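Here is a short briefing on one protein model. Look at the structure first, then work through the points by topic.

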Amino acid sequence: MIELTQLQKKFKLQVKSKPVEVNKDPRERDGFFHSVEAVSFNCAEGEVLGLLGPNGAGKTTTLRMLSTALTPDAGDIIIDGKSIVKDPILGRRMIGFLSGSTGLYGRLTAKENITYFAKLHGIKGQALKDRLESLFDLLEMHSFLDKRADTLSTGMKQKTNIARAVVHSPKIVVLDEPTTGLDIMTKQTVLSFIEGLKREGTPVIFSTHHLDEVAMLCDRVHVIDKGRSCFDGSVLSFKTHSEDGEMNRAFLNIVGASQHV
Ligand SMILES: Nc1ncnc2c1ncn2[C@@H]1O[C@H](COP(=O)(O)OP(=O)(O)OP(=O)(O)O)[C@@H](O)[C@H]1O
């Protein structure tokens with residue numbers, strides 16, 4: 001079980017904005033951009049949580065705090081009773097994080113990249129061979145394993161990144177927009193991979209703009225708007241926010257209502 005409580009993160013603005021500006025984001029004040037102001041949610045064993053929100057809502061900032069890449073200004077992230085804000089090394093061991101930007105070494109092959117990260121986690125010998133084989137099968141990677149990363153297609157890079165993120169069999173998997181820019185086949189492979197994690201009981205938190213993926217995969221939905229949690233519940237209760245249960249309309253109604261709070 002992972003639990004995020006009242007997370008906050010602000011960034012110093014490079015150029016101070018003028019005090020009165022039409023349509024200024026309310027998060028921009030006092031020389032800071034308050035990217036995340038109050039985000040709380042949890043994800044239990046075997047649960048897939050879909051993180052939704054308009055562009056700029058604060059999803060990536062939240063996930064980067066989860067991955068320990070960013071330290072929250074306030075709030076806590078607890079995994080099985082332990083704070084990973086206080087102990088980020090433990091967090092890195094327990095969480096597999098796929099970020100939006102690729103972190104592959106261009107001159108290494110796909111296989112070499114994944115092997116490198118596995119070794120950083122101390123996996124070696126037969127355990128390493130078995131883990132790699134299993135990931136290559138699940139993510140259908142055999143045809144491009146020996147190609148250099150800088151020559152891979154978007155989909156091949158994404159599969160390599162996912163394998164890299166989960167090579168240490170993390171307790172919790174966090175994926176930032178895992179299907180963005182993928183073709184239908186590659187997208188299906190990635191979604192099936194997430195389904196497999198769910199079957200194994202691994203909690204998965206992923207951000208997306210694709211509500212069909214949420215309907216297909218998620219047990220729960222969490223919506224962030226302007227840096228604040230504004231909905232948390234089952235897919236069924238999410239759908240009740242539109243008269244006909246249509247997901248896009250439900251999303252628009254939830255975000256629309258949060259702007260009037
Ligand atoms: N390092 C930074 N310095 C200043 N502002 C930042 C920084 N990182 C993020 N922000 C701002 O915080 C807000 C939230 O950004 P974030 O990337 O978390 O949004 P998002 O919900 O992931 O959006 P998208 O769906 O477009 O990917 C944005 O307005 C962004 O410009």
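This is a predicted model: local features need pLDDT of at least 70, side-chain atom pairs count only at pLDDT 80 or more; totals for chains, interfaces and linings use all residues.

**Strand 9 and its partners**

Val174 has Ile205 as its bridge partner in strand 9.

- Strand 8 and strand 9 run parallel, joined by four bridges.
- Strand 4 (residues 48-52) also runs parallel to strand 9, again with four bridges.
- Gly50 pairs with Phe206 of strand 9.
- In a regular strand, side chains alternate between the two faces of the sheet.
- Strand 9 (residues 204-207) is covered on both faces. Val204 and Phe206 are buried on one side, Ile205 and Ser207 on the other.

**The nonpolar core**

- The largest nonpolar core has 59 residues.
- Ile162, Ala163, Val174, Val204 and Val223 have the most contacts inside it.
- Beyond its neighbours within four places in sequence, Val204 touches Val48, Val173, Leu175, Ile194, Leu197 and Lys198.

**Helix 5**

- Helix 5 (residues 154-166) has 13 residues. From first C-alpha to last it reaches 19 Å, close to the expected 18 Å.
- Its buried residues include Ile162 and Ala163, along with Lys159 and Arg164.
- Among the elements covering these buried residues are helix 3 (110-120), helix 4 (125-138) and strand 8 (172-176).

**Around the ligand**

- The residues around the ligand include Phe11, Phe33, Asn55, Lys59 and Thr60.
- Strand 3 (32-43) and helix 1 (59-66) each give two or more residues to this shell.
- Helix 1 gives the most, with three.
- By class, the shell has three nonpolar, seven polar and one charged residues.

Technical notes. Residues are numbered from 1 along each chain as its sequence is written. A residue is near a molecule or strand if its C-beta atom, placed from the backbone, lies within 6 Å of it. Ala, Val, Leu, Ile, Met, Phe, Trp, Tyr, Cys and Pro count as nonpolar, Asp, Glu, Lys and Arg as charged, and the others, Gly among them, as polar. The expected span of a helix is 1.5 Å times one less than its number of residues. A residue is buried if 20 or more other C-beta atoms lie within 10 Å of its own, exposed if 12 or fewer, and partly exposed in between; C-beta atoms are placed from the backbone. Two residues are in contact if their C-beta atoms, placed from the backbone, lie within 7 Å. A nonpolar core is a set of buried Ala, Val, Leu, Ile, Met, Phe, Trp, Tyr and Cys residues joined through C-beta atoms within 7 Å. Two strands pair if DSSP finds at least two bridges between them.
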